[in-house]
Amino acid sequence: ESARQASQRIARLVPRIRLMRRAADDTRELRDSLDLEFAQRELAARERTLEAAQARLEITREDAEWAAKRLENSRKLRAEGIAQIEEELDTLRTAAAHAANDGAAADEDIYSDIRVRAKRIMFLKEKLAFERLKLQRDQLWYDLTRQLPVIIAGRYPEQAFLESYRDVFDARAMKERQVDLETRCDGWRRARNTAKQQEPAPGKEFNKELLLEVYAGLTDLCMREDWVLGTESRLGAIAGYHLQRLEWSSRGVWWYAWRTLVSLLILALVTVGSRTLRKLTRRLAGNEQPNAALDTALVRTPAQELKARLTRLRGTAALVFYLGATAALWLWVVILSGRYVWGLDLVWSDLLGWATHPIFLVGSNEVSIWSLVQVILWFTAGLWMSRVIQNFVTHSLLDHFAVERGIRDAVGTVIRYLVVAVSLAVGLASVGIGLGALGLLFGVIGIGIGFGLQNIASNFISGFILLFERPIRRGDFVQVGELVGEVKDISARATTLETRDGITVIVPNSEFVTDRIVNWTLGRNERVRAQVQVGVAYGTDIALVERLLIDIARADKNVLVRPAPVVHMTRFGDSSLDFVLHIWTRKIRGLPGILSELNKAVDRAFAEHGVQIPFPQRTVHHVHTARGAPAAALGRRPEPPPALVDAVAHDDPDDPDDDD
């Protein structure tokens, strides 16, 4: 009893736990989104504060005196430190040279004397470079206190000042220096961890301590150098901000007008180049002189089919080349124009940075232009792969095992849509959009279906019904309402029919599910029965007529021997004895032509054997009654005029509306 009660309580608690976990996940995502939004707002506020502070920047005499005193003290300290480091460095270099002259060779042990000495030399070099870096930082500080008032006043500083600190004012160069420092520091940290884990050989314990001390000094240098580089970067940003303001303020109307004119000229040249490239790629694709015979051929030979595939492949390659070359041309022109015309220091990394900048958020995932391009590329690749896999499965794999054509088409279509769906999911996952976002998207699609996409959803569902139930298949000859044609393709939304006139008609799939469809070729049996109706004059030999009709049917190669043609006398008509010739044929697509040939043969055979085919004859009684004529005059039957007889000679006796 206790176990049963415990299991019931567990069964009640499990759904609650799942709900709480789901709520916790949602809360965590919401918290991360809020943290990201608050951080972005704080960053934007700090940038605005920094810009406002830079705009109000003033360099006083006290600032200049403090910078001069700092530079003087730094020179004294750096001179002593640099001299001491150079002396120790010379000592180590001398010891290394003596060891090399004595023939000592470096072994594989990382704690060997030569290796430890080389690491100490490297550390001293780094320390020497750091001391000079600090001296350069203090010199920059002093020079800025002298040149910034000139820049703020609206005058250009000395050219020597700009040339000396060009790399410091360049944000990209400073970023590369910081990246290089991080790379070196990571290498030193890994080497230090390796040295800690490896045990030294006997007698090399002191070398291990020296090596670890060297790596500790390098790690300390990393942190201190990072701080100095950060200070230089901030000073360079201040100077660059005021230099940029000075440059913008010095530009006049003619500066912008001249560069706009040059940009328009470059745009015209690039447009002409793009059109020339399009013409060249069209010629490469073979679209200048299309093969009319190949395009209009209803049945292609294997050579023609291979040629058509090669033409399509060449056209696809030309299209890809045109798009890639055009994009590269425009990007190259934008970079060169921005750099040499407008004075913008643009590189490929800047354009990639703009492309990777987030434009909106999906949950906590940032979506940029580059991520959208990735999704499009994945989707395009999925479409191409789906076609390739569908053709392989349908025409190579399943056809090799003699699988029925309808099953092949259904399997190929399902595989095609699965490949497209997987490629789309992989593309979305590559940019950080998971299945949760897809569920949201499908929810929106469901709402859209409820509000106005019922017909589209109905056609999609009907398409899958047609693929799995297969009431019609590719290659069937069907009739939908008054439309008669061959099924060329069955997709998820619509079915493609080709009529006898060679006209392609797109029919929604829902019509094949909800309406009455005549499938003339369902189940591989393409036999169909047709009738040839004919009437002969009264008094004609019935046996002769039946024999002639049977002989005509047997003489036609399109008429099947089994079932054999049959002749029936249907009725006694108003002007003729009516016969029907029933024939069977497999040429359902050429049925109108077969019936036409049989009618011609019937007319020739009846003419040769004197069998008369009558036409309907009517007698029209025209009664003319004069005013006051006796009623007996109504019984007279005058002859109708010839024109009236000719007018009614072609009336159809079987038409009930034609009795007038």
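1. Start with β8 and strand β10 (residues 577–585). They pair in the antiparallel sense over 9 bridges. Two strands count as paired if DSSP finds at least two bridges between them. Helices and strands here are DSSP runs, numbered from the N terminus: a helix is H or I with at least four residues, a strand is E with at least two. In this pairing, Q531 stands opposite H582 in β10.

2. A word on the source. This is a predicted model, in which local features need pLDDT of at least 70 and side-chain atom pairs count only at pLDDT 80 or more, while totals for chains, interfaces and linings use all residues. Residues are numbered from 1 along each chain as its sequence is written, and side-chain values use heavy atoms, with hydrogens and water left out.

3. Now the sheet around β10. It is an open sheet of 3 strands, in the order β8-β10-β9, with antiparallel pairing. The edge strands are β8 (528–536) and β9, and each pairs on one side only. Neighbouring strands of this sheet are turned by 25 degrees against each other on average, direction ignored. Strands of a sheet pair through backbone hydrogen bonds, either parallel or antiparallel.

4. P563 lies in the loop between α17 (542–555) and β9 (566–572). The peptide bond that joins R562 and P563 is cis, with omega at about -5 degrees.

5. Another open sheet has 5 strands. Their order is β6-β5-β4-β3-β7, and the pairing is antiparallel. At the edges are β6 (504–508) and β7 (517–519), each of which pairs on one side only. The twist averages 40 degrees from one strand to the next.

6. Strand β5 (residues 494–499) runs antiparallel to β6 and is joined to it by 5 bridges. T495 has V507 in β6 as its bridge partner. The two strands β5 and β6 form a hairpin with 4 residues between them. In the turn, G502 has a positive phi of about 80 degrees.

7. V478 stands opposite N519 in β7.

8. Next, the helices. How far apart are the axes of α6 and α7? Helix α6 (residues 171–197) and helix α7 (residues 205–250) pack with their axes 10 Å apart, at an angle of about 160 degrees. Axes are lines fitted to C-alpha atoms, for helices over the stretch in contact, and angles run from 0 to 180 degrees between N-to-C directions. α6 and α7 are therefore roughly antiparallel to each other; angles over 145 degrees count as such. Their crossing is left-handed, meaning that the near helix is turned anticlockwise from the far one by less than a right angle; clockwise is right-handed. The residues of the contact of α6 with α7 divide into 13 nonpolar, 4 polar and 8 charged. Nonpolar covers Ala, Val, Leu, Ile, Met, Phe, Trp, Tyr, Cys and Pro; charged covers Asp, Glu, Lys and Arg; the others, Gly among them, are polar.

9. Compare α8 and α10. The axes of helix α8 (residues 253–285) and α10 come within 9 Å and cross at roughly 165 degrees. α8 and α10 are therefore roughly antiparallel to each other. The crossing of α8 and α10 is right-handed.

10. Finally, α10 itself. Helix α10 (residues 302–340) has 39 residues. From first C-alpha to last it reaches 56 Å, close to the 57 Å expected at 1.5 Å a residue; the expected span is 1.5 Å times one less than the number of residues. Buried residues in α10 include A308, Y322, V333 and G338. Buried means under 20% relative accessible area, exposed over 50%, partly exposed in between (1.4 Å probe, protein chains only).

Key. Angles under 35 degrees count as roughly parallel, over 145 as roughly antiparallel, 65 to 115 as roughly perpendicular and the rest as oblique.
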